[in-house]
Amino acid sequence: MPVISAAKQAKPKPESFKIKSAHLQLVALMIKTADWDVLTADLSAKFGAEGESPDFFDNDALVLDFSQIDPDLPVQDLAPLLAVLRACRLVPVAVRGTNA
């Protein structure tokens, strides 16, 4: 009678995750001012519901790029900017160009 080792009897543990490369379609917003009032007003005027091109975006994924902003400026509350971006039919999913 053959002997089966304990290692062969144990079932492999199922994976809890998997990392794969992905080619994602993203829009990048290169922010060139630290003045949220100016930025949100300009975005709303261009892409908001009452703006020039309200249907330009269709819930597109967006990367906020802060690389053009002085890194020594204090961190601001992103909530007002995020609200305007969502109103412009953009979905912020990532940030780059900042240490905050």
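This report describes the fold, the overall dimensions and several individual residues of a predicted model.

## Basis of the model

Residues are numbered from 1 along each chain as its sequence is written, and side-chain values use heavy atoms, with hydrogens and water left out. Because the model is predicted, local features need pLDDT of at least 70 and side-chain atom pairs count only at pLDDT 80 or more, while totals for chains, interfaces and linings use all residues.

## Overall layout

The protein has three helices and three strands. Both kinds of element are DSSP runs numbered from the N terminus: helices are H or I with at least four residues, and strands are E with at least two. Along the sequence they follow the pattern α-β-α-β-α-β. The protein is more spread out than a compact globule, because its radius of gyration is 23 Å, well over the 13 Å that the globule rule gives for 100 residues. This radius is taken over C-alpha atoms, and the rule is 2.2 Å times the number of residues to the power 0.38.

Taken along the principal axes, the C-alpha atoms fill a box of roughly 80 × 35 × 20 Å. The accessible surface comes to about 8000 Å², and 56% of it belongs to carbon and sulfur atoms. Accessible areas come from the Shrake-Rupley method with a 1.4 Å probe; for residues, only the protein chains shown count as cover. Of the 100 residues, 23% count as buried. Buried means under 20% relative accessible area, exposed means over 50%, and partly exposed lies in between (1.4 Å probe, protein chains only). Among contacts between residues at least 6 apart in sequence, 78% join residues at least 24 apart, where contact means heavy atoms within 4.5 Å.

## Strands and crossovers

Strand β1 (27-30) runs parallel to β2, and four bridges join the two. Two strands pair if DSSP finds at least two bridges between them. In this pairing Met30 stands opposite Asp65 in β2. Strand β2 (residues 60-65) also runs parallel to strand β3 (residues 90-96), to which six bridges join it. Here Ala61 stands opposite Val91 in β3.

Each of these pairings belongs to a β-α-β unit. One right-handed unit is made by β1, α2 and β2. Another right-handed unit consists of β2, helix α3 (residues 79-87) and β3. A crossover is right-handed if, with the strands pointing away from the viewer, the path from the first strand over the helix to the second runs clockwise.

## Helix α2

Leu39 is found in helix α2 and counts as buried because its relative accessibility is 10%. Leaving aside neighbours within four places in sequence, Leu39 is in contact with Ile31, Thr33 and Leu81. Leu39 and Val84 are 45 residues apart along the chain, and their C-alpha atoms are separated by 9.6 Å.

Thr40 also has its place in helix α2 (residues 36-47). At 13% relative accessibility, Thr40 counts as buried. Not counting residues up to four places away in sequence, Thr40 touches Pro80, Leu81 and Val84. A polar atom of the Thr40 side chain lies 2.8 Å from the backbone oxygen of Trp36.

## Asp65 in strand β2

Asp65 lies in strand β2 and counts as buried, with 5% relative accessibility. Residues up to four places away in sequence aside, Asp65 touches Leu29, Met30, Ile31 and Arg96.

The side chain of Asp65 also makes a polar contact with the side chain of Ser67 (2.7 Å). A polar contact is a pair of N or O atoms within 3.5 Å; within protein, one must be able to donate a hydrogen and the other to accept it, and residues adjacent in sequence count only if both atoms are side-chain atoms.

## Loop residues

Lys11 is found in the loop between α1 (6-9) and β1. It counts as exposed because its relative accessibility is 75%. Lys11 and Leu39 are 28 residues apart in sequence and 56 Å apart in space, C-alpha to C-alpha.

Most residues other than glycine have a negative phi. Asn59, a residue other than glycine, has a positive phi near 55°. Asn59 is found in the loop between α2 and β2 and is exposed, with a relative accessible area of 52%. Arg89 is not a glycine either, and its phi is positive at about 65°. The place of Arg89 is in the loop between α3 and β3, and at 26% relative accessibility Arg89 counts as partly exposed.
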